Amino acid sequence: MNRIIRENYPASKLPEDLRAGVDPSSTVTVTIVEEEKRPEKVMSLEEIFSLKGFRRRSAEEIDEDLRRQRDEWDD
């Protein structure tokens, strides 16, 4: 994430919509943070479940995978 900070920036140079209520003879600190880009389309659960390689697992299968991974940590 990009962040730009300008301290002691002349308020008179701010765009008009940002100058409202600010003394034009003062200086300000301007912080610009680039927002994260959102995906154009959010996938539904049905679309996620239909992805190639996705396989539904039972609770028992998931538990067994977790047990196996924990056992690997102990090694």
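1. R56 and F49. The charged end of R56 lies over the ring of F49, 4.1 Å from the ring centre. (A charge sits over a ring if NZ of Lys or CZ of Arg is within 6 Å of the ring centre and within 35 degrees of the ring normal.) This is a predicted model, where local features need pLDDT of at least 70, side-chain atom pairs count only at pLDDT 80 or more, and totals for chains, interfaces and linings use all residues. Residues are numbered from 1 along each chain as its sequence is written, and side-chain values use heavy atoms, without hydrogens and water.

2. F49 and F54. The whole structure has one aromatic pair. The ring centres of F49 and F54 are 5.1 Å apart and the planes are at 25°, so the pair is stacked. (Rings of Phe, Tyr and Trp, its six-membered ring, pair with centres within 6.5 Å; planes under 30 degrees apart are stacked, over 60 edge-to-face, the rest tilted.) F49 is partly exposed at 31% relative accessible area. F54 is partly exposed too, at 37%. (Buried means under 20% relative accessible area, exposed over 50%, partly exposed in between, with a 1.4 Å probe and protein chains only.)

3. Salt bridges. There are five in the structure. (The criterion is a side-chain nitrogen of Lys or Arg within 4 Å of a carboxyl oxygen of Asp or Glu.) E47 pairs with K41, with the closest N and O atoms 2.5 Å apart. K41 is exposed at 56%, while E47 is partly exposed at 29%.

4. The network. Salt bridges link R57, D65 and R68. D65 meets R57 at 2.1 Å, N to O, and R68 at 2.5 Å.
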